[in-house]
Amino acid sequence: MPDNLARKPLKGDLFAKKCPSRQVLNHVTSRWGVLILVALLEGTYRFSELRRKVDGVSERMLAQTLQWLEHDGFVLRTAYPVVPPHVEYSLTPVGKEVSERVKLLADWIEANIGTILEFQQEKERARKRQI
């Protein structure tokens, strides 16, 4: 942790338009951010392994999201000086903490997807009846 953060605790305000916590929230709760953070709870992954794990993510979006999460201090990128290049991604301690919290939300959605889909289908049927 940078020295200036250790000395003066900062608190964000997500409702403030220019608060940097909004950008961090966006990184963590984006579709790919959530999936990457939850995947990394299982352990260390190489880029290609992570791409296979997070089905549907493009190389570009995976790389971009990993960069955001690394910049925010949640992901550790370890590059080994070998040929071909060997890079691994893992969670930092604060990354593990935020990942566990995001996983609770992901687990809740998975556990309740049946109910959610029923609501969506009922809304769609109601919309069609109005047409």
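I began with the radius of gyration: the protein chain has 19 Å, whereas a compact globule of 131 residues would have a value near 14 Å. I note here that the model is a predicted one. Taken along the principal axes, the box filled by the C-alpha atoms of the protein chain is roughly 60 × 40 × 25 Å.

Next I looked up burial and surface. Of the 131 residues, 24% count as buried, and the accessible surface of the protein chain comes to about 9900 Å², with 57% of that area belonging to carbon and sulfur atoms. For contacts between residues at least 6 apart in sequence, I found that 42% join residues at least 24 apart.

I then turned to charge. The protein chain carries 21 positive and 16 negative side chains, and the centres of these two sets lie 7 Å apart.

For secondary structure I noted seven helices and three strands, which follow the pattern α-α-α-β-α-α-β-β-α-α when read along the sequence.

The three strands form an open sheet in the order 1-3-2, with antiparallel pairing. Strand 1 (45-46) and strand 2 (75-80) stand at the edges with a single partner strand each, so one side of each is left without a neighbour in the sheet. Between strand 1 and strand 3 (residues 86-91) I found antiparallel pairing over two bridges, and I noted that Arg-46 stands opposite Glu-88 in strand 3.

Conventions. Residues are numbered from 1 along each chain as its sequence is written. This is a predicted model: local features need pLDDT of at least 70, side-chain atom pairs count only at pLDDT 80 or more; totals for chains, interfaces and linings use all residues. Side-chain values use heavy atoms; hydrogens and water are left out. Helices (H or I, at least four residues) and strands (E, at least two) are DSSP runs, numbered from the N terminus. The radius of gyration is taken over C-alpha atoms; the globule rule is 2.2 Å times the number of residues to the power 0.38. Buried means under 20% relative accessible area, exposed over 50%, partly exposed in between (1.4 Å probe, protein chains only). Contact means heavy atoms within 4.5 Å. Accessible areas come from the Shrake-Rupley method with a 1.4 Å probe; for residues, only the protein chains shown count as cover. Lys and Arg count as positive and Asp and Glu as negative; His and the chain ends are not counted. The place of a charge is taken as NZ of Lys, CZ of Arg, CG of Asp or CD of Glu. Two strands pair if DSSP finds at least two bridges between them.
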